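Hello,

My notes on what I found follow below it.

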Amino acid sequence: MTHAPIDAEHVSRRWLGKATRDLPENEAEVVRSAADRRPVSEDVNETFDDHQTFGERLADRVAAFGGSWPFIIAFGVFLAAWTGLNLLLRKEAFDPYPFIFLNLVLSMLAAIQAPVIMMSQNRQAARDRLDAGNDYQVNLKAEIEIMALLDKVEHLTARQEEQTELIRRLLAERER
């Protein structure tokens, strides 16, 4: 069953108290979608992922691995092997105690890993903002639809009361 579209300007003024042209673009789009009876929700993750560069995808993968238990365990094994091997080799060690070269390697790893993780977090925050904006639009449309349904129910209730009163009068006239 198809429904006739509703006037977007009426929806805007009735439920949001403003003309469509006075609304922010995201709210105006919600009003138009409610008036046209079309969905407003979208898969933000799919849209966001389609616009990522190779470097951004790589940074996300590096950050995902760098913040995981497999990385922590592998890095712990690497550190234990490095120190163990250098302690066993003693005089012939390539990085004798106090492991200055290991400290340099760890510093360089931290210097590279921190900005990569921050880039990934910034993109995640941008994705979260898109997701929150989409949630706002969906919630706003749901509110508009609920208010419209309540109006219809109130209208039908009033009509039913009128019809009930008319039936009562007809029955009263018939009984006379």
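Gln-137 lies in helix H6. Helices here are DSSP runs (H or I, at least four residues), and strands are E runs of at least two, numbered from the N terminus. Gln-137 is buried, with a relative accessible area of 11%. The cut-offs are these: buried is under 20% relative accessible area, exposed is over 50%, and partly exposed is in between (1.4 Å probe, protein chains only). Leaving aside neighbours within four places in sequence, Gln-137 is in contact with Asn-26, Glu-29, Val-30 and Val-40. Contact means heavy atoms within 4.5 Å.

Before the rest, the ground rules. This is a predicted model, in which local features need pLDDT of at least 70, side-chain atom pairs count only at pLDDT 80 or more, and totals for chains, interfaces and linings use all residues. Residues are numbered from 1 along each chain as its sequence is written, and side-chain values use heavy atoms, with hydrogens and water left out.

**H4 and H6**

Two packed helices are described by the angle between their axes and the distance between the axes. Helix H4 covers residues 54-66 and helix H6 covers residues 100-175. They pack at an angle of about 110°, with their axes 8 Å apart. Axes are lines fitted to C-alpha atoms, for helices over the stretch in contact, and angles run from 0 to 180 degrees between N-to-C directions. H4 is therefore roughly perpendicular to H6. The classes are: under 35 degrees roughly parallel, over 145 roughly antiparallel, 65 to 115 roughly perpendicular, and the rest oblique.

H4 passes H6 in a left-handed crossing. A crossing is left-handed if the near helix is turned anticlockwise from the far one by less than a right angle, and right-handed if clockwise. On the H4 side, the contact is made by Glu-56, Ala-59, Asp-60, Val-62, Ala-63 and Gly-66. On the H6 side, Gln-113, Val-116, Ile-117, Met-119, Ser-120 and Arg-123 take part. By class, that contact has six nonpolar, three polar and three charged residues. Nonpolar covers Ala, Val, Leu, Ile, Met, Phe, Trp, Tyr, Cys and Pro; charged covers Asp, Glu, Lys and Arg; the others, Gly among them, are polar.

Ser-120 of helix H6 is buried, at a relative accessible area of 14%. Beyond its neighbours within four places in sequence, Ser-120 is in contact with Ala-59, Asp-60 and Ala-63.

The axes of H1 and H2 come within 9 Å and cross at roughly 115°. H1 passes H2 in a right-handed crossing. Ala-8, Val-11, Ser-12 and Leu-16 of H1 meet Val-31, Arg-32 and Ala-35 of H2. These residues divide into five nonpolar, one polar and one charged. Not counting residues up to four places away in sequence, Ala-8 touches Thr-20, Val-31, Arg-32 and Ala-35.

The axes of H1 and H6 come within 11 Å and cross at roughly 90°. That makes H1 roughly perpendicular to H6. Val-11, Arg-14, Trp-15 and Leu-16 of H1 are in contact with Leu-140, Ile-144, Met-147, Ala-148 and Asp-151 of H6.

**The core**

Which residues form the largest nonpolar core? There are twelve: Ala-8, Val-11, Trp-15, Leu-23, Ala-28, Val-30, Val-31, Ala-34, Ala-35, Val-40, Leu-140 and Ile-144. A nonpolar core is a set of buried Ala, Val, Leu, Ile, Met, Phe, Trp, Tyr and Cys residues joined through side-chain atoms within 4.5 Å. Helix H1 (8-16), helix H2 (25-36) and H6 each supply at least two residues of this core. H2 gives the most, with five residues.

**Loops and backbone**

A cis peptide bond joins Tyr-97 and Pro-98, with omega about 20°. Pro-98 is in the loop between H5 and H6. Phe-99 is found in that loop too. Phi of Phe-99 is near 60°, a positive value in a residue other than glycine. Phe-99 is buried, at 11% relative accessibility.

Arg-37 also has a positive phi, near 55°. Arg-37 is found in the loop between H2 and helix H3 (44-50). Its relative accessible area is 32%, so Arg-37 is partly exposed.

Lys-91 lies in the loop between helix H5 (69-89) and H6. Lys-91 is exposed, with a relative accessible area of 80%. Lys-91 and Glu-154 are 63 residues apart in sequence and 91 Å apart in space, C-alpha to C-alpha.

Best regards
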